[in-house]
Number of protein chains: 2
Amino acid sequence: MRISELSRRSGAPVSTLKYYLREGLVHEGDRLSGNQTDYDESHVQRVRLVRALLETGGLSIAAAKRVLTTLDAEDSSIAHTFAAAQHAMTDGRAHGDVSETSRARVAALADAQGWRTSPDNPGFGVAARVLDDFSAIGFEPSDSYLGAYASAADQIARADLSALIGRESPELTAELMVVGTVVGDALIAGLRRLAHQEATAELFPTSDAASPHTTQRKDLP
Amino acid sequence: MRISELSRRSGAPVSTLKYYLREGLVHEGDRLSGNQTDYDESHVQRVRLVRALLETGGLSIAAAKRVLTTLDAEDSSIAHTFAAAQHAMTDGRAHGDVSETSRARVAALADAQGWRTSPDNPGFGVAARVLDDFSAIGFEPSDSYLGAYASAADQIARADLSALIGRESPELTAELMVVGTVVGDALIAGLRRLAHQEATAELFPTSDAASPHTTQRKDLP
């Protein structure tokens, strides 16, 4: 297919496609006569993957490139690809030092869940940084607060892995792992916002948050 | 206190503090004689809040300003402040249209959880965008997959609200709500990465992910 068709199929403007090609995020097509280039289904799939990483996941071009390089490596194990996606997502977040106290508390939380983790898992720094932020505003989270987060994390991680198991080919598995790692954060973040509205309505019944979606619909003529 | 002391107490360099002051993210101190300015505890607290929003939360200056304006408004209700923090966090994410199919599936998911939500809750767009991304790579999430995410979101939203209830003053409550909304996403994201490592080790026992943190420590002399 021509680049115009690739644009239509993938939803990315031609100028964006040229940018992805130039940056090496998408593999070159077959050169035909003159300045014509032929693209196929593998290009459509790849462009969609790149868009998910950059737009929903908010990855930088450099971070997306690192993830894709790992994904493309022939000898990449499931665990390696996972780790690469995790590290890429953590770029730009949790810069600077975190306190030893917070790091130790996250490690204790992981141990309490029975999680086998390696010390270089970027999750330690990301979570510890949040505890430092809480501490800076004078909020000391209780064990039950952190336990609720940890058990929620355990639940969604199991759902993520179960979804991976069901994929047909190693390529599709690796792709879902990368996309799932990156956009799964957005999925839980989005649903958390919806759940906050319900929890606010329950706890502050007089507040203006209590204007239910369903009731509004029913009220329509 | 002088600006150097404010820097030490808040952990932000003096140049960063001047930037925050110029941008109106932090209120001015009291002008003393000459070009001396006096800062107090309220400044320390505010600088820490601003850093949490910008650095851990990854908000833009403009988004942080909008959140702080709502936080500072005298007549701001809990629900209003919550909504402002949610909208600010959603800036730069989930741009562009999402499909009606994905939006409807998220609405059905919220209904199944019994959540009362309003149609302008930014969570709908954020979550629907993820479903579109999954669809683009050929992954159609099962009801049990999405259900696991929704019940995890419900669990952490309840923990968030319980933590708010325990705060002493309305100011502290509002502050925690804002910080919690923004950095809570990072907390679940960080813990999810740790949980992924455990789930990977369980499901792919031969993979190199199975090098437990605790065992490594024990192995040390």
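**Entry 1: helices 3 and 4 of chain B**

I looked up how helix 3 of chain B and helix 4 of chain B are set, and they are oblique to each other (angles under 35 degrees count as roughly parallel, over 145 as roughly antiparallel, 65 to 115 as roughly perpendicular and the rest as oblique). Helix 3 covers residues 41–56 and helix 4 covers residues 61–72, and the two pack at about 135° with their axes 10 Å apart. The axes are lines fitted to C-alpha atoms, for helices over the stretch in contact, and angles run from 0 to 180 degrees between N-to-C directions. Helices (H or I, at least four residues) and strands (E, at least two) are DSSP runs, numbered from the N terminus.

I note that this is a predicted model, in which local features need pLDDT of at least 70, side-chain atom pairs count only at pLDDT 80 or more, and totals for chains, interfaces and linings use all residues. Residues are numbered from 1 along each chain as its sequence is written, chains are lettered from A and ligands numbered from 1 in the order in which they are written, and side-chain values use heavy atoms, with hydrogens and water left out.

The crossing of helix 3 and helix 4 of chain B is right-handed (left-handed if the near helix is turned anticlockwise from the far one by less than a right angle, right-handed if clockwise). I listed the contact (heavy atoms within 4.5 Å): helix 3 of chain B gives B:Arg46, B:Leu49, B:Val50, B:Leu53 and B:Leu54, while helix 4 of chain B gives B:Ile61, B:Ala64, B:Val67, B:Leu68, B:Leu71 and B:Asp72. Sorted by class, the residues of this contact are nine nonpolar, no polar and two charged. Here Ala, Val, Leu, Ile, Met, Phe, Trp, Tyr, Cys and Pro count as nonpolar, Asp, Glu, Lys and Arg as charged, and the others, Gly among them, as polar.

**Entry 2: B:Leu54**

I then took one residue of helix 3 of chain B, B:Leu54. Is B:Leu54 buried or exposed? B:Leu54 has a relative accessible area of 17%, so I put it down as buried (under 20% relative accessible area; exposed is over 50%, partly exposed in between, with a 1.4 Å probe and protein chains only). Leaving out residues up to four places away in sequence, B:Leu54 touches B:Tyr20, B:Leu25, B:Leu59, B:Ser60, B:Ile61 and B:Ala64. From B:Leu54 to B:Ala64 I read ten residues in sequence and 7.0 Å in space, C-alpha to C-alpha.

**Entry 3: helix pairs in chain A**

I checked helix 3 (residues 41–56) and helix 4 (residues 61–72) of chain A, whose axes come within 10 Å and cross at roughly 135°. These two helices of chain A are therefore oblique to each other, and their crossing is right-handed. The helix 3 side of this contact in chain A includes A:Arg46 and A:Leu49, and the helix 4 side includes A:Ile61 and A:Asp72. The contact has nine nonpolar, no polar and two charged residues.

Next I looked at helix 6 (residues 100–112) and helix 7 (residues 122–136) of chain A, where the axes come within 8 Å and cross at roughly 120°. That makes helix 6 of chain A oblique to helix 7 of chain A. The crossing of helix 6 and helix 7 of chain A is right-handed. Among the residues in contact are A:Ser102, A:Arg103 and A:Arg105 of helix 6, and A:Phe124, A:Gly125 and A:Asp132 of helix 7. This contact of helix 6 with helix 7 of chain A has seven nonpolar, two polar and three charged residues.

**Entry 4: aromatic rings**

How many aromatic pairs does the structure hold over all chains? I have eight. Rings of Phe, Tyr and Trp (its six-membered ring) pair if their centres lie within 6.5 Å; planes under 30 degrees apart count as stacked, over 60 as edge-to-face and the rest as tilted. B:Phe139 and B:Tyr145 are an edge-to-face pair, 5.6 Å centre to centre with 90° between the planes. B:Tyr145 and B:Tyr149 have ring centres 5.1 Å apart and planes at 40°, so I logged that pair as tilted. Both of these tyrosines, B:Tyr145 and B:Tyr149, sit in helix 8 (residues 143–165) of chain B, four residues apart, about one turn of the helix.

I also looked up burial: B:Phe139 is buried at 7% relative accessible area, B:Tyr145 is buried at 5%, and B:Tyr149 is buried at 0%.

**Entry 5: chain A overall**

I counted ten helices and two strands in chain A. Their order from the N terminus is α-α-β-β-α-α-α-α-α-α-α-α. Of the 221 residues in chain A, 52% are buried.
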